[in-house]
Amino acid sequence: MEKTESTSKKSCCVSFVGYFKTTGFLIYLCHGLSTWGDRMWHFAVSLFLVELYGNNLLLTAVYGLVVAGSVLLLGAIIGDWVDRTPRLKVAQTSLIIQNVSVIICGVILMIVFLFKTSLSTMYHGWLLTFCYILVITIANIANLASTAMGITIQRDWVVVVAGEDRSRLADMNATVRRIDQVTNILAPMAVGQIVTFGSDVIGCGFISVWNLCSMCLEYYLLWKIYQRTPALAIKAGRKVDEQEMKPLNKQKDIEYGQTNTDGKSESACPAEGVQLMKVKTIEQEEERHCSDKVFGPFLTLRDGWVAYYNQNVFWAGMGLAFLYMTVLGFDCITTGYAYTQGLSGSFLSLLMGTSAIAGILGTIAFTWIRRKCGLIRTGFISGVAQFSCLILCIVSVFVPGSPLDLSVSPFEGFASRYMAMNTLMEPVMTTAEPPPVTTVGFTNTTTESPGSGQYQPESYISVGLLFAGIIAARVGLWSFDLTVTQLIQENVDESERGIINGVQDSMNYLLDLVHFIMVILAPNPEAFGILVIISTSFVAMGHLMYFRFAYKSLGRQLFACIPKERTIQTNNPKVTDCVAVST
């Protein structure tokens with residue numbers, strides 16, 4: 001017995017240690033390092049830009065607009081480059097560009113923080129303005145490289161490593177999302193502590209050194225994963241339609257002096273035909289290269305959107321994109337609204353942590369529901385769960401404590417509040433003691449009556465219901481996100497995987513831009529309830545689009561129970577839905 005127990009313990013230890021050598025763990029480690037660096041940089045660059053511009057959000061808003069607009073316009077082109085380039089070259093190139101860009105930005109920001117006074121006086125302040133433009137431009141390049149990295153690792157390499165095992169693919173996708181959730185909380189916390197207890201210069205230096213070390217380690221991990229997975233070296237080429245090639249070949253036969261009389265092609269004069277062929281080929285190559293340089297990116301952009309529209313999972317992808325048109329998330333808008341309703345920063349951090357836990361539960365729910373009900377049904381169930389939770393947010397608009405007031409114009413008092421903000425911030429800007437990250441501007445500008453402290457609503461029922469609905473909806477949201485991600489992975493051809501995911505990212509950013517424009521049009525807390533209703537409506541429309549896809553694929557089987565392990569035959573032969581139920 002003792003020998004058996006010792007043998008089992010040794011085998012457990014060996015299997016535990018062996019897990020850290022598997023290709024899956026290497027992908028998780030590589031993704032974790034990359035995501036940690038991304039989250040630190042995205043959080044820190046917003047703080048640095050606010051601090052540099054005198055606690056004004058202008059540079060941050062410009063940066064966000066440039067980033068969103070670039071991905072919106074270049075998403076398809078980036079995806080096309082991912083499709084046409086060998087996998088290892090794409091990953092390594094994106095990794096180097098991304099991290100080197102962040103390092104350069106960190107160095108420039110350190111110089112600006114150290115010599116801001118001198119730079120502001122040189123060339124009438126234009127040199128400092130040039131530094132701002134340079135930082136935003138290089139940071140945008142880093143974000144585009146990060147987009148390419150995300151497409152190639154999360155949407156392509158994971159699929160190849162998982163192979164034909166869809167359950168393993170689902171587990172890998174879920175693990176990747178859990179890593180995202182954890183780094184979303186821990187990475188900003190780490191940077192915040194360094195900047196608060198150190199300085200902005202130390203924060204910039206830390207991020208630059210981290211990206212340098214992380215780049216070297218990630219480069220090695222990518223090479224190791226590539227060596228262990230021979231399938232990554234094989235990349236499917238673009239498909240060429242034979243029907244399109246026939247008229248081209250026929251036209252070439254006519255141009256080269258070939259005729260078809262008795263079923264065989266003949267050349268009237270072989271020498272002249274060959275010479276004419278060479279001249280025509282050279283002319284066509286020159287014209288093609290010239291047109292490709294001028295119109296190539298536009299044609300790629302058009303072809304990418306057309307290919308996206310023709311996909312079987314188009315409505316599922318559109319449904320996911322519509323979920324980005326919402327204020328019901330833990331972004332700067334919802335956080336700012338929470339400050340106006342009297343919630344403290346520490347309490348908000350607890351809510352964000354709870355939201356991350358709900359997201360992790362969503363990834364666990366995804367794997368369990370997919371095993372029981374199939375992939376397509378998982379998306380439908382997740383959508384119903386998310387929308388049901390968001391009903392709490394709708395209710396919060398009409399309960400006591402809600403600031404909703406339709407008689408107040410969204411822009412009423414906007415100028416006076418802006419002036420009050422500037423007046424309030426003057427002591428902060430002239431003193432060197434407060435740290436760069438303060439909540440003075442948020443907490444005090446919410447004061448509605450003179451002489452009072454932080455604004456206290458008549459009841460916390462409204463804001464409580466709002467955040468209860470947002471946090472509970474994260475379970476369904478992340479489960480739905482994983483569903484659509486895997487549907488795209490499984491049903492998009494390998495040769496188009498990059499460009500389709502690039503267009504999907506563009507759609508996500510487009511709807512995200514719309515939601516920011518919506519907030520600009522109605523920035524007052526009195527109008528936030530309207531934004532909540534509009535956001536919930538867009539979420540409903542997104543899930544209705546997914547329902548159209550699901551019903552088109554499964555028909556009435558969408559509502560049927562699957563008693564045993566089998567594969568569902570969908571109405572669409574190109575879309576499959578595997579169900580594994582333990583009996």
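How many aromatic pairs does the structure hold? The structure holds 15 of them, where rings of Phe, Tyr and Trp (its six-membered ring) pair if their centres lie within 6.5 Å, and planes under 30 degrees apart count as stacked, over 60 as edge-to-face and the rest as tilted. This is a predicted model, in which local features need pLDDT of at least 70 and side-chain atom pairs count only at pLDDT 80 or more, while totals for chains, interfaces and linings use all residues. Residues are numbered from 1 along each chain as its sequence is written, and side-chain values use heavy atoms, with hydrogens and water left out.

One of the aromatic pairs is formed by W36 and W210: the ring centres are 6.3 Å apart and the planes stand at 40°, so the pair is tilted. This pair links distant parts of the chain, since W36 belongs to helix α2 (residues 23-52) and W210 to helix α8 (residues 200-228), 174 residues apart. Helices (H or I, at least four residues) and strands (E, at least two) are DSSP runs, numbered from the N terminus. W210 counts as partly exposed because its relative accessibility is 27%; buried means under 20% relative accessible area, exposed over 50%, and partly exposed in between (1.4 Å probe, protein chains only).

W36 also touches T183, L186, A187 and A190 besides W210, not counting residues up to four places away in sequence. Contact here means heavy atoms within 4.5 Å. The C-alpha atoms of W36 and I179 are separated by 9.0 Å, and these two residues are 143 apart along the chain.

Helix α8 holds a further pair, Y220 and W223, which are 3 residues apart and separated by about one helical turn. Y220 is partly exposed at a relative accessible area of 44%, and W223 is partly exposed at 39%. Elsewhere, ring pairs link Y308, Y309, F314 and W315 into a cluster.

Rolling a probe the size of a water molecule over the atoms shows where empty space is left. Helices α14 (375-396), α17 (461-491) and α19 (528-554) each supply at least two residues of the lining, and α19 gives the most, with 3 residues.

Helix α14 also contains Q386. Q386 counts as buried because its relative accessibility is 5%. It touches L323, A473, G476, L477, V539 and H543, leaving aside residues up to four places away in sequence.

How confident is the predictor, on average, over the protein chain? The chain averages a pLDDT of 78, and 73% of the residues score at least 70; pLDDT is the predictor's confidence in each residue, from 0 to 100. Among the elements of the chain, helix α11 (residues 314-322) has the highest mean pLDDT (95) and helix α16 (residues 440-445) the lowest (34). Over residues 413-453 the pLDDT is below 50, and this stretch has 36 contacts in the model beyond near neighbours in sequence.
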